[in-house]
Amino acid sequence: MSETAIVRDGDTPAVSALPVRLPPTPRVPRFLQGLGFSVLQEWTIDQIGRRHGDIFMMRIPVFGRTVIVADPALAKQVFMANTDDVGNIQPNLARVLGPGSVFALDGTDHRRRRKLLTPPLHGKSIKNYEAIFEEETLREAASWPQGQEFGTLEPMMRITLNAILRAVFGADGAHLDELRRIIPPWVTLGSRLAVLPMPSRTYGRFSPWGRLAAYRRRYDEVIGRLIDAVQADPNFDTRDDVLALLLRSTYEDGSTMSRQDIGDELLTLLAAGHETTAATLGWVFERISRHRDVLAKLVAEADTDGNEYRQATLLEVQRSRTVIDFAGRHVYAPTFELGEWVIPQGFSILVAISQMHRRSQDFPGPERFDPERFIRQRPSTFAHIPFGGGTRRCVGATFANVEMDVVLRTVLRHFVIDTTTGPAEKSHFRGVAHTPKSGGRIVTHRR
Ligand code: HEM
């Protein structure tokens, strides 16, 4: 298909760009494409992909005309595109997190914010959080039933929530308790509403949007008090939580982040980081309890200082049980050349992460759960993409990786996990992440 893109910018004359050349579109009525994507996303993408290959077009509710990409070379082009040409997907979580969220930013503003966020979420800073990850795991695991099956997902949710509240928000005492109460229902509601069309008003305080606004007011009050407390702390200059680091940091021009932006950004880190990490850990327990050899190797390694096999296992869980399906972008340039195709302005592009992780060209025997494929072999940057890619690649990837490593090591050091021959758990979509449907159920005994 070929047409010429006409780009209109307000009253300025139309500008013509490269002739548009769109990838194939399934011969399915528009509403069925939308329904399939909303209700049976993975199946729909898989079916269309089988017929049309690694790049095709769909009409999707909220995102509109969308190009789906499931090829590493094309994904690389999307991720590495000039950010003025290809920016963040619209709409996105910023609708509920606020204009100060990194999700709301593109181009130079986005680059500046990422520069500010990166140091507190990498290297030396993460080392300081390891003790928090271990403590939270031990606290949660203290009440695990012995010899009885239980779901790991909910305990993992509490561990990752507390870890972010302590490491990122620097919260403790009453602030920690208040945030623990407000945030989980807020995030659950917010992630459902984020993908719905935005109403022009909230329809009263009992409507979902009214309840979301009420949570936000309470959150802003607590964050305001927390910021006051952190700034008044005599140890402010040496504190290593992300909040203190953000309060102390400055942009290149010497300006600092506003309180509102800090509030939006902390909530962003939590919304993006808490359920995703917990869902992956839930899958870790689901997988390793069904693979005796893998579990035996992990147990042996946990008593040493090494983590090569644990890291390979985490990579394989993220490949085979991908929790975030898509990394989304929006075409801002008049046209964007993608392989042999030319995509016009206003289109969405979704890189289909789980689809890419099932490519037998990149991962031989993709249905096999096999951490060995990542032993002494780093996964390819644009084929294994659980954290997305390019300038918008997950800013919390290192944080999540170290947290998952420490949580798994701590559980293995303190508990024996029974293996099971039960069928694999199916996947359940919770609004943000894909989780094990029965909650990653396992049986443990204290060592
Ligand atoms: C296993 C856990 C996690 C997974 C699978 C995950 C996955 C992702 C993915 C796929 C993206 C989109 C990347 C793209 O568009 O190219 C993303 C973005 C993001 N993630 Fe994560 N994430 C995880 C943990 C975390 C944690 C722990 C944090 C914070 C501490 C975090 C904060 C963010 C933020 C702020 C963004 C937006 C980045 C931007 O737009 O510049 N994530 N994540």
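Q: By class, how many nonpolar, polar and charged residues does the lining of the largest cavity have?
A: Please keep in mind that this model is predicted. The lining of the largest cavity divides into four nonpolar, five polar and three charged residues.

Q: Which residues line the largest cavity, and what is its volume?
A: The general idea comes first: rolling a probe the size of a water molecule over the atoms shows where empty space is left. Here the largest cavity has a volume of about 70 Å³. Its lining is made up of Val78, Phe79, Ala81, Thr83, Val86, Gly87, Asp106, Gly107, His110, Arg329, Thr391 and Arg392. At least two lining residues come from each of α3 (72-80), β5 (86-88) and α5 (107-117).

Q: How many cavities of 30 Å³ or more does the structure hold, and what lines the second largest cavity?
A: There are three cavities of 30 Å³ or more. The second largest cavity holds about 60 Å³ of space, and around it lie Leu93, Val96, Leu97, Trp186, Val187, Gly190, Ser191, Ala271 and Val432.

Q: How do I read a pocket, and which residues lie nearest the centre of the second largest pocket?
A: A pocket is an open set of points, whereas a cavity is one from which the probe cannot get out. In this model, the second largest pocket contains about 390 Å³ of space. It has 19 lining residues, with Glu42, Ser320, Arg321, Thr322 and Arg358 nearest its centre. α11 (259-288) and α13 (308-320) are the elements that give two or more residues to this lining. Sorted by class, there are four nonpolar, five polar and ten charged residues in the lining of this pocket.

Q: Is Arg359 buried or exposed?
A: The cut-off for buried is under 20% relative accessible area. Arg359 has 12%, so this residue counts as buried. Arg359 sits in the loop between α14 and α15, and its side chain is joined to that of Asp362 by a polar contact of 2.7 Å. Leaving out residues up to four places away in sequence, Arg359 touches Asp54, Ala70, Asp71 and Pro72.

Q: Where is Asp405, and which side chain makes a polar contact with its side chain?
A: Asp405 belongs to helix α15 and is buried, with a relative accessible area of 7%. Its side chain makes a polar contact of 3.2 Å with the side chain of Arg310. Beyond its neighbours within four places in sequence, Asp405 is in contact with Asn307, Arg310, Gln311 and Leu314.

Q: What is the relative accessible area of Ser438?
A: Ser438 has a value of 42%, so this residue is classed as partly exposed. Ser438 is placed in the loop between β13 (434-436) and β14 (441-442). Its C-alpha atom is 9.4 Å from that of Thr152, although the two residues are 286 residues apart along the chain.

Technical notes:
Residues numbered from 1 in each chain as written. Predicted model: local features only at pLDDT ≥ 70, side-chain atom pairs only at ≥ 80, totals over all residues. Heavy atoms only, no water. 1 Å grid on protein atoms, 1.4 Å probe; cavity = no way out; pocket = protein on both sides within 12 Å on 5 of 7 lines; lining within 4 Å. Points joined across faces, edges and corners; volume = space filled by probe spheres on them. Helix = DSSP H or I, 4+ residues; strand = E, 2+ residues; numbered from the N terminus. Nonpolar A, V, L, I, M, F, W, Y, C, P; charged D, E, K, R; others polar. Buried < 20%, exposed > 50% of the residue type's maximum accessible area, 1.4 Å probe, protein only. Polar contact = N/O pair within 3.5 Å; in protein donor to acceptor, adjacent residues only side chain to side chain. Contact = heavy atoms within 4.5 Å.
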